[in-house]
Amino acid sequence: MSIATNLLKIKSSLPESVTLVAVSKTKPISDLMEAYDTGQRIFGENKIQEMAEKWEAMPKDIQWHMIGHVQTNKVKFMAEFVSLIHGVDSLKLLAEINKQAKKNNRTIDCLLQIHIAKEETKFGLDEKELNEIIASSVFKEMNNIQIVGLMGMATFTENQEQIKKEFTHLKSIFDKLRSKDKPQCVSTLSMGMSGDYQLAIDCGSTMIRIGSSIFGGR
């Protein structure tokens, strides 16, 4: 099936409230342009250099999402154009994003990554660390970032109950954050990928990251 067919099929199944990020990492620009020509405007990359090269070459109405783990020293290469950074998991990284955003006269939207999976290899904050960041005076002085929500990745498993439990846990942390922060700002809950996005949506996800179901396997 073509990229266009895959994309239209997925989009037609999504509720209006859910945003689709097409995960285009490692894919050639021709593949991204096929998705673009089918109406897709949000692409997710996990390597900053690759994302910057695609940004240079492609139409400027695209929103670029950084979905991979971010190294502090690489932030400057995407600060000019990135729309949303998904995997922010430390105050140090937030400070660097804020600094680079200020240099580019921008406010950069960020999602804080929460560790919900059983695997130790996944990055992210626990609820206590999240609350410490939000409450810190250093964070409150950052004027060039906006925390717009949370992001998390479930355990890579066939066990649907396990995945559902993790998504539900993330949704409850998200709801608590919304209740104490400005709810109009904290509106994005990014969870769900090709294998589990329907379950993620059932559990309250507002943004899904889909790669292989659109572009085929790596």
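The model is predicted. Its largest nonpolar core has 64 residues, and helix α7 gives the most to this core, with six residues. A search of the whole structure finds seven salt bridges.

**Helix α7**

- Helix α7 covers residues 160-180, and its 21 residues should span 30 Å at 1.5 Å a residue; the end C-alpha atoms are 31 Å apart, which agrees.
- The buried residues of α7 are Q162, I163, E166, F167, L170, I173, F174 and L177.
- Seen down the axis of α7, these buried residues fall within an arc of 130 degrees, so they line one face of the helix.
- The face turned away from the buried side of α7 carries the exposed residues E161, K165 and S179.
- The cover over the buried residues of α7 includes the helices α5 (127-135) and α8 (197-202), together with the strands β6 (145-151) and β7 (188-190).

**Helix α2**

- In helix α2, which covers residues 29-37, the buried residues are D31, L32, A35 and Y36.
- These four take up an arc of only 145 degrees around the axis, which places them on the same side of α2.
- S30 and D37 are exposed, and they sit on the face of α2 turned away from its buried side.
- The buried residues of α2 are covered by elements that include α1 (3-13), β2 (42-45), α3 (48-57), β3 (63-66) and α9 (212-215).
- After α2 comes G39, whose phi is positive, near 105 degrees.

**Nonpolar cores**

- Within the largest nonpolar core, of 64 residues, L94 and L150 have the most contacts.
- Apart from its neighbours within four places in sequence, L94 is in contact with V88, C110, L112, I133, F139, M142, I145 and I147.
- A second, separate core has seven residues, among them V21, L111, V148 and M151.

**Salt bridges**

- K171 forms a salt bridge with D175, and their closest N and O atoms are 2.9 Å apart.
- K171 and D175 are four residues apart in helix α7, so about one helical turn separates them.
- Both partners count as partly exposed, K171 at 24% relative accessibility and D175 at 34%.
- Salt bridges that share partners join E45, E50 and K54 into one network.
- Within this network, K54 pairs with E45, the closest N and O atoms being 2.8 Å apart.
- K54 is buried, with a relative accessible area of 4%, and E45 is buried as well, with a relative accessible area of 0%.
- E132 forms a salt bridge with K128, where the closest N and O atoms are 3.0 Å apart.
- E132 and K128 are four residues apart in helix α5, so they too are separated by about one helical turn.
- E132 is partly exposed, with a relative accessible area of 45%, whereas K128 is exposed, with a relative accessible area of 58%.

Key. Residues numbered from 1 in each chain as written. Predicted model: local features only at pLDDT ≥ 70, side-chain atom pairs only at ≥ 80, totals over all residues. Heavy atoms only, no water. Helix = DSSP H or I, 4+ residues; strand = E, 2+ residues; numbered from the N terminus. Expected span 1.5 Å × (residues − 1). Buried < 20%, exposed > 50% of the residue type's maximum accessible area, 1.4 Å probe, protein only. Arc of directions from axis to C-beta. Contact = heavy atoms within 4.5 Å. Salt bridge = Lys/Arg side-chain N within 4 Å of Asp/Glu carboxyl O. Core = buried A, V, L, I, M, F, W, Y, C linked by side-chain atoms within 4.5 Å.
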